[in-house]
Amino acid sequence: MLRSPAVLAALPFAAVFLLAPSTAHAEAPTPLTEAIEALPVAEESREGYDRSLFPHWTDADRNGCNTRAEVLLEEAVTAPEVGERCRLSGGEWYSYYDDRTFTEARALDIDHMVPLAEAWDSGASQWSTQRRQAYANDLDEPVALVAVSASSNRSKADKDPSQWLPPAADAHCRYVTEWTTVKTRWGLTVDEAEREALNTVARDCPDAVVETTPAP
C-alpha cells in the first residue's frame, strides 16, 4: 500500500505538508489559501446518513491487519510488536491534536480527517457503497486517517473546522491543511461557515501547501 512511513509522526511540522502519496500522478503543490478557494461551496444535508454506509475497517491487502491496525503501525513513533491476528503490543504514538504521547494502542482512535458524516453531507451521499468504502479506508493518502487520542477524536465527533479545532493551538495549520487535502482529493464540498473557518486559520499558515492525488 502507498501510505507514508511510520516516521511521519516524528517529522518537522513543515515537512508534513510537503509529503505526497507515492504515485506518479500527484498534483503540483497548491498554496493552502488557493486550495481552500478552489473547493466548491454547497449547502449540506445529513438526510439518509448512516455510518454503516461507509464499510470499515477492511483488510484490503489480506495481510491480517485491518485499516485501523495499518494506521497504528504506520504512525507509530516506536514500532509495536505484532502478534497473532495483528494484535499490537508495546509501541509509542504521538497524538498531534492534543500534543500527547501514548504507549498503548487501545488509548488511540483512528480519526477520519473529514468525518464520515461530514463526507456524506459534502457529496458522499451520491457515491456508490464501493466508493464510500474506499474513502473510509483510504491508506493511499497519508493524512486521510490519523491516530489520535480517543478523547480528542470523540470531542471532534463529526464537527467541521467551524465547530471544532484541535485543542493544541500549534496543530491548527496542520489540521486545516490536512482537512483541505482530503476534501480536495475526494472532490467534496464545503459550506460557507466551514470555508470561512478554514480561511481564518489559513491566514496564519503562509507556507502551508496542499499536495494530493485525486481519488480514483
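Me: Which hand does the disulfide of C173 and C205 have, and why?
Reply: Left-handed, because the torsion about the S-S bond is about -90 degrees. Bear in mind that this is a predicted model.

Me: How many disulfides does the structure hold?
Reply: Two. C65 also bonds to C86, with the sulfur atoms 1.9 Å apart. That link is right-handed, with 95 degrees about the S-S bond.

Me: And is C86 buried or exposed?
Reply: C86 counts as buried, because its relative accessibility is 12% and the cut-off for buried is under 20%. C65 is buried too, at 8%.

Me: OK, on to packing. Which residues touch the most other members of the largest nonpolar core?
Reply: L32, F54, Y97, M113, Y135 and V182, out of 38 residues in that core. Helix α7 gives the most to this core, with six residues.

Me: What does F54 touch?
Reply: Leaving out residues up to four places away in sequence, F54 touches Y49, L116, A119, W120, A124, R132, Y135 and A136. Apart from that core lies another one of 15 residues, including V71 and W93.

Me: Which strands do the buried residues of α3 pack against?
Reply: They pack against β3, β4, β6 and β7. The buried residues of α3 include V71 and L72. At the start of α3, a side-chain oxygen of N66 comes within 3.2 Å of the backbone nitrogen of R68.

Methods
Residues numbered from 1 in each chain as written. Predicted model: local features only at pLDDT ≥ 70, side-chain atom pairs only at ≥ 80, totals over all residues. Heavy atoms only, no water. Buried < 20%, exposed > 50% of the residue type's maximum accessible area, 1.4 Å probe, protein only. Helix = DSSP H or I, 4+ residues; strand = E, 2+ residues; numbered from the N terminus. Contact = heavy atoms within 4.5 Å. Polar contact = N/O pair within 3.5 Å; in protein donor to acceptor, adjacent residues only side chain to side chain. Core = buried A, V, L, I, M, F, W, Y, C linked by side-chain atoms within 4.5 Å. Disulfide = S-S within 2.5 Å.
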